[in-house]
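Colleague: Could you take a close look at the aromatic pairs and describe them in one connected answer?

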Amino acid sequence: MEYELKKLADTITSIHEEMFNLREREREMQELNKVTNSRMAWLSFLSLFICLSVAVRLSFTGITIHDDSGTSIWSTPSIGSTVAALQLLDSGNLILQDRFNKTLWQSFDFPTDTIVSGQIFHVGRSLIASTSPADYSDGQYTFMLTSNDGILQLQNLTYYRLSMDSKSIKNSVRPVSYLMVNGSGFNLYGDSGSEIAIKVLMASSVSDSDYRILKITNDGHLVVSRYTNNNWVTDFTTPVDSCQAPFRCGRLGLCSTDGCSCPSGFRIAPNKNSGCSLLDNSLSLPDPCGGNSENYIYVPIGTGLKYFSIDFINPVKTSVRLSTCEALCSANCSCLALFYGNLSGACYLIENQLGSLMSSSKNEEDDKLGFVKVISSSRNKDSTSISDFPVIGIVLLPASGVLLISLLAIWMSRRARNNKMKSNSKKLVDYSSPDDLEMFFIAGLPVRFNHEELVEATMNFSTPIGSGKKNCGQAPILGSENPTTSPQGQSSDSSGSTNPPRARSFYFPLQALEMHEEGRYLDLVEPRLAGRVTIDEAEKLVKVALCCLHEDPSLRPTMTNVVAMLEGTLQVGVPRLESLNFLRIYGRRFTEPSMVVTGTEVETPSGFMVSTTIENNSTSAAPDMFSYMSSQEVSGPR
């Protein structure tokens with residue numbers, strides 16, 4: 001035992017001396033790295049032993065590296081047998097052996113971002129790129145060897161396969177066992193080890209002394225380089241098309257043969273090399289699962305574009321509508337964008353992070369519609385600012401504003417038509433009150449009667465109101481029966497002259513909702529426009545209007561989005577029926593008829609605001625004869 005310990009001590013002393021020799025060698029290699037911007041895996045590993053700020057300890061259990069404070073910062077994994085020797089081979093492989101010279105551990109089994117000549121890289125192993133040329137910590141890109149191919153990935157998302165390269169030749173259908181690069185080339189071998197399953201064509205080494213390495217770079221390319229005549233020469237790089245690298249143009253940047261640009265609706269981000277940002281400053285990109293669920297908006301990025309992972313992932317759903325695809329993305333907090341198959345109805349979700357975009361093929365079947373999920377900053381601010389505001393205030397303030405605007409419009413209209421009203425005064429009911437508002441009757445507001453009207457209606461106050469006595473002019477309003485008025489001003493009942501047409505009382509927003517549910521959009525178009533409006537135009541207007549009537553204010557689109565939807569630059573939103581059910585309640589309550597106070601009684605749909613300047617010889621009235629409606633007819637009673 002004493003002899004074995006002495007032998008081990010001699011070995012450690014020899015290793016210590018070798019460390020100083022390797023330090024000088026590392027200095028020379030560092031100078032070479034500065035010129036070539038390359039880092040060899042075995043040299044990186046050896047640098048751990050040469051650094052003067054750490055202590056390397058070899059024991060019976062393996063290798064341990066300590067910092068200046070004596071804290072262990074790295075060690076070999078647990079080894080079942082006792083370590084007897086450490087050996088550095090000419091290939092750069094560092095191995096630990098037992099007393100029978102059996103290899104217990106070797107550095108070639110734990111590569112970083114590089115494979116050197118003669119190193120066997122087995123199926124299931126991965127190379128991890130460094131963060132940057134100056135930062136050797138693990139980056140986002142990996143190269144993994146599978147039994148079928150070598151694949152390049154960004155955070156477990158495949159963006160390229162080795163077999164896609166034109167220089168890659170498949171020689172056998174046998175599964176791949178391992179990869180090796182040497183002076184003769186770069187090959188993937190089958191199970192037997194002698195049969196090449198996939199061969200990558202490249203120039204052979206000029207000299208046997210030439211040294212090759214395979215490396216995944218920090219920008220996601222796989223490169224094979226050869227060191228010859230004191231220089232590094234690149235023999236192979238893939239993908240050849242730089243646009244297939246996920247972050248070639250930064251986040252949401254558009255990569256093409258002309259370089260990097262931004263898709264429609266986006267601009268170059270203010271931060272250098274960060275890609276593109278939204279033109280609309282009120283919109284922002286959400287963080288994946290970064291907070292509570294939002295009411296998302298989907299901004300189109302156009303057709304003819306594709307994302308790097310689309311060709312390597314399966315759609316989450318097929319044969320679905322775009323609205324369904326958007327709902328799937330909204331329900332997934334990690335979803336940041338989606339691509340929708342315009343012909344197939346396939347829904348692809350882009351999760352966790354956004355990379356660059358690239359132009360797709362000219363084949364129409366390959367074109368997909370892309371949409372980026374965004375949130376409205378102004379909407380979030382509004383939601384925050386009113387979160388503590390009483391709900392009754394939220395409801396009443398808009399209603400008060402609508403009422404004031406309606407009254408102002410009535411007053412201005414009366415002033416503008418005052419002279420015309422006076423010239424036609426013989427055709428109007430004689431009002432003694434100078435109140436401008438008496439020329440109009442709005443459904444739901446109290447009706448005013450002057451003294452003369454009350455005298456006439458009650459026969460000089462001898463007949464109680466509501467007793468059923470007929471009276472010309474006001475009998476239909478005051479009486480409990482339902483007579484009509486003849487053009488000569490004499491009343492008659494149903495047995496007399498024929499009743500004038502009576503328009504059915506209805507609530508327009510509720511009718512629009514019902515027609516939307518039935519798909520009967522053209523039924524809402526004014527008859528005078530028949531044949532001049534397409535069903536698509538009517539559908540767009542109805543959907544936009546219903547979205548603006550959502551009971552939850554946060555679900556209503558902004559005016560910017562409304563304009564964009566009407567112009568066709570933004571996908572028309574889909575009304576949420578669960579947020580429109582209040583219209584059914586309003587519609588049932590809002591059915592009291594309005595009356596045009598003229599010599600001819602005409603019942604109009606509730607909510608229509610009409611002037612009393614209709615001539616007495618009018619025999620009928622219908623909703624479409626009026627060119628405007630009251631605020632109540634549009635937004636419901638308050």
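Modeller: A search of the whole structure finds nine aromatic pairs, where rings of Phe, Tyr and Trp (its six-membered ring) pair if their centres lie within 6.5 Å, and planes under 30 degrees apart count as stacked, over 60 as edge-to-face and the rest as tilted. One of these pairs joins Tyr178 and Tyr189, whose ring centres are 5.1 Å apart with the planes at 20°, so the pair is stacked. Tyr178 belongs to strand 14 (residues 176–182) and Tyr189 to strand 15 (residues 185–190), eleven residues apart, strands (E, at least two residues) being DSSP runs numbered from the N terminus. Tyr178 and Tyr189 are both buried, which stands for under 20% relative accessible area, with a 1.4 Å probe and protein chains only.

This is a predicted model, in which local features need pLDDT of at least 70 and side-chain atom pairs count only at pLDDT 80 or more, while totals for chains, interfaces and linings use all residues. Residues are numbered from 1 along each chain as its sequence is written, and side-chain values use heavy atoms, with hydrogens and water left out.

Tyr307 and Phe308 form a tilted pair, 4.5 Å from centre to centre and with 40° between the planes; both of these residues are buried, and together with Tyr141 and Tyr159 they form one aromatic cluster. A ring also takes part in a contact with a charge, since the charged end of Lys373 sits over the ring of Tyr296, 4.2 Å from its centre, a description that requires NZ of Lys or CZ of Arg within 6 Å of the ring centre and within 35 degrees of the ring normal.

Conventions
Helices (H or I, at least four residues) and strands (E, at least two) are DSSP runs, numbered from the N terminus. Buried means under 20% relative accessible area, exposed over 50%, partly exposed in between (1.4 Å probe, protein chains only).
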